[in-house]
Amino acid sequence: MQNIEKRVIELVQEKIADRDDLFIVSVKFHPNSVLEVLLDGDQGISIDDCVQVSKFVGFQLEEEGAVEKAYRLEVSSPGIDTNFVHQRQYEKNIGRNVQVKLNDGTKTEGILLEVEETKITIEETIKEKGKKAQQAARIIPLEQIKATKVLISFK
């Protein structure tokens, strides 16, 4: 399965080589024979982009006979509730409200202000009993982060 995943990564990279705004989030061949390709872009990714990649990858895999058993190819963007995998996902979400789960199990929320190579900065709301809530910048080293995702607000 890893060889198939590697080949799919190569094919996707070939297809999006002329699109600097697009990138691969993940490629996974699940035990239920679903070949899942998650793509994203600095400004998001369109359905048409996913369709073009799907057609290209599917055709190439069939031509090469790379997958020996029946499978279903799914090419899509990661869902809004999917954890960030790449720094580019952090960068494209600057200004959005995020939840950060740390390696020690604690969670924090705030507006993603800045992304650097080794750390992120979020603006947290600090609430103390009897006092007005205050905003404070918090720097979090990436090595301390277990998962980060966008918080969806229905306000």
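1. Isoleucine 80 has a relative accessibility of 41% and therefore counts as partly exposed (buried means under 20% relative accessible area, exposed over 50%, partly exposed in between, with a 1.4 Å probe and protein chains only). Isoleucine 80 is located in the loop between β3 (72-76) and α3 (87-92); helices (H or I, at least four residues) and strands (E, at least two) are DSSP runs, numbered from the N terminus.

2. The model is predicted, so that local features need pLDDT of at least 70 and side-chain atom pairs count only at pLDDT 80 or more, whereas totals for chains, interfaces and linings use all residues. Residues are numbered from 1 along each chain as its sequence is written, and side-chain values use heavy atoms, with hydrogens and water left out.

3. Together with Ile152 and Phe154, Ile80 forms a nonpolar surface patch with about 360 Å² of accessible area. Patches are made of residues with over 30% relative accessible area and no salt bridge, like charges being joined within 9 Å and nonpolar side chains (Val, Leu, Ile, Met, Phe, Trp, Tyr) within 5 Å. Accessible areas come from the Shrake-Rupley method with a 1.4 Å probe; for residues, only the protein chains shown count as cover.

4. The whole structure contains 10 salt bridges (a side-chain nitrogen of Lys or Arg within 4 Å of a carboxyl oxygen of Asp or Glu). One of them joins arginine 7 to glutamate 10, with the closest N and O atoms 3.1 Å apart. Both residues belong to helix α1 (residues 2-15) and are 3 residues apart, about one turn of the helix. Arginine 7 is partly exposed at 23% relative accessible area, as is glutamate 10 at 44%. A network of salt bridges links Arg7, Glu10 and Glu64.

5. Two further salt bridges may be noted. Arginine 19 meets aspartate 21 at 3.0 Å, N to O; arginine 19 is partly exposed at 29% relative accessibility, and aspartate 21 is partly exposed at 27%. Between glutamate 74 and arginine 72, the closest N and O atoms are 2.6 Å apart. Glutamate 74 has a relative accessible area of 30% and arginine 72 a relative accessibility of 47%.

6. Strands β5 (residues 107-115) and β6 (residues 119-126) run antiparallel and are joined by 4 bridges; two strands pair if DSSP finds at least two bridges between them. A hairpin through 3 residues connects β5 to β6, and glutamate 114 is opposite threonine 121 in β6. Strand β6 also pairs with β7 (residues 134-141), in the antiparallel sense, over 8 bridges. Here isoleucine 122 is opposite arginine 138 in β7.
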